[in-house]
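I opened this model to look up a few residues and the parts around them. My entries follow, one topic at a time.

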Amino acid sequence: MLRSTTTTPGFGALFTVMALTGCASHTEPARSSAPAHGGGSVASAAAPLSSAQLNQRLLDESDLGEGYTRKPEAPRHNDDVTVLDCPALEKLGSGAATGSGLAFTRKAKASFAYTGSSTSEVSEELYSDSPAKLSTGISKVFDAMLSCPAYQVTSGSSVVDMSTEKTAAPDLGDEQWSQLLTYSAGGQRNVVKQTAIRTGNILVIVSGSPGLVDAHLAKAFDKGQHTR
């Protein structure tokens, strides 16, 4: 069921922010920025990592510092989510709306709650597949969302107004994507940042409160490339 809260979505947010299983506590207006999609090569690479190997490369509380608590993954209840006024997203089908649109079998995810001046969250997801599949899959999602500056999603009787804006990503890895998602529901307006970095056969995605994403993206990227 759609609901407005003060926590962030996980990668879902390319998709599950539509279901608002959680939202970022951040209300600053989105600012204009430079394009974020890099022009990196999509070369051949080693065999994909296993999900177990990816799990070892996720951030943990010791990487994030004080104030962070790992959250159990919440069950999805998004079967009735519908996208309105965005043909590109509608074309992706129900998988996009329910968070299963990225068809990469090797994956790992961690979500953390942070208690500071306000309670918010940051989530990390790691995927491994061929460089070409990773590049094509994540590009399709970002391109579809950014093709619709404003649209709506519904679940049951709930309606959420959404908007997307491309934002700059740091010069890391082979390819980069980044966007701000702004949504309004239940009289509350919130902003979620999502940044994806691909290097070879690994894709790291960090989502959540813009400040937390900026603070931990480089660390997530670095740990995603190497086990400790």
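**Entry 1: Ala-196**

Is Ala-196 buried or exposed? I find Ala-196 buried, because its relative accessible area is 0%. Buried means under 20% relative accessible area, exposed means over 50%, and partly exposed lies in between, with a 1.4 Å probe and protein chains only.

I note that the model is predicted: local features need pLDDT of at least 70, side-chain atom pairs count only at pLDDT 80 or more, and totals for chains, interfaces and linings use all residues. Residues are numbered from 1 along each chain as its sequence is written, and side-chain values use heavy atoms, with hydrogens and water left out.

Ala-196 sits in strand β8, residues 188-199. Helices (H or I, at least four residues) and strands (E, at least two) are DSSP runs, numbered from the N terminus.

I listed what Ala-196 touches, leaving out residues up to four places away in sequence: Ile-138, Phe-142, Glu-175, Gln-176, Trp-177, Leu-203, Val-204 and Ile-205. Contact means heavy atoms within 4.5 Å. I also checked Val-206, which is ten residues from Ala-196 in sequence and 6.5 Å away in space, C-alpha to C-alpha.

With 9% relative accessibility, Lys-193 counts as buried. Which side chain does Lys-193 meet in a polar contact of 2.7 Å? The partner is the side chain of Asp-214. A polar contact is a pair of N or O atoms within 3.5 Å; within protein, one must be able to donate a hydrogen and the other to accept it, and residues adjacent in sequence count only if both atoms are side-chain atoms.

Beyond four places in sequence, the contacts of Lys-193 include Thr-167, Ala-168, Ser-178, Val-206 and Pro-210.

I followed Ser-178 next. Ser-178 lies in strand β7, residues 175-185. Its relative accessibility is 2%, so Ser-178 counts as buried. The side chains of Ser-178 and Thr-195 make a polar contact of 2.8 Å.

**Entry 2: the nonpolar cores**

I looked up the largest nonpolar core and found 25 residues. A nonpolar core is a set of buried Ala, Val, Leu, Ile, Met, Phe, Trp, Tyr and Cys residues joined through side-chain atoms within 4.5 Å. Ile-138, Tyr-151 and Leu-203 have the most contacts inside this core. At least two residues each come from α6, β5, β6 (158-166), β7, β8 and β9 (202-208). The largest share, six residues, is from α6.

Leu-203 touches Ala-196, as well as residues including Phe-104, Leu-134, Ile-138 and Trp-177. A second, separate core has 20 residues, among them Leu-58, Leu-59, Val-122 and Ala-220. In soluble globular proteins, nonpolar side chains tend to be buried together.

**Entry 3: the disulfide**

How many disulfides does a search of the whole structure find? It finds one. A disulfide here is a pair of cysteine sulfur atoms within 2.5 Å. The pair is Cys-86 and Cys-148, S to S 1.9 Å. The two cysteines are 62 residues apart and link distant parts of the chain. Cys-86 is in the loop between β2 (81-84) and α4 (87-92), and Cys-148 is in the loop between α6 (131-146) and β5 (150-155).

Why is the disulfide of Cys-86 and Cys-148 right-handed? The torsion about its S-S bond is about 90°, so I log it as right-handed. Cys-86 is buried at 0% relative accessible area. Cys-148 counts as buried at 5%.

β2 and β5 run antiparallel, joined by four bridges. Two strands pair if DSSP finds at least two bridges between them. Val-81 has Ser-155 in β5 as its bridge partner. Val-81 and Val-83 form the covered face of β2, while Thr-82 and Leu-84 form the uncovered one.

Asp-85 is in the loop between β2 and α4. Asp-85 is not a glycine, yet it has a positive phi of about 65°. I find Asp-85 exposed, with a relative accessible area of 56%.

**Entry 4: whole chain and confidence**

The protein chain has seven helices and nine strands. Of its 228 residues, 50% are buried. The average pLDDT is 78, and 71% of the residues score at least 70. pLDDT is the predictor's confidence in each residue, from 0 to 100. Over residues 1-35 pLDDT stays under 50. Where pLDDT is low, the predicted coordinates should not be read in detail.
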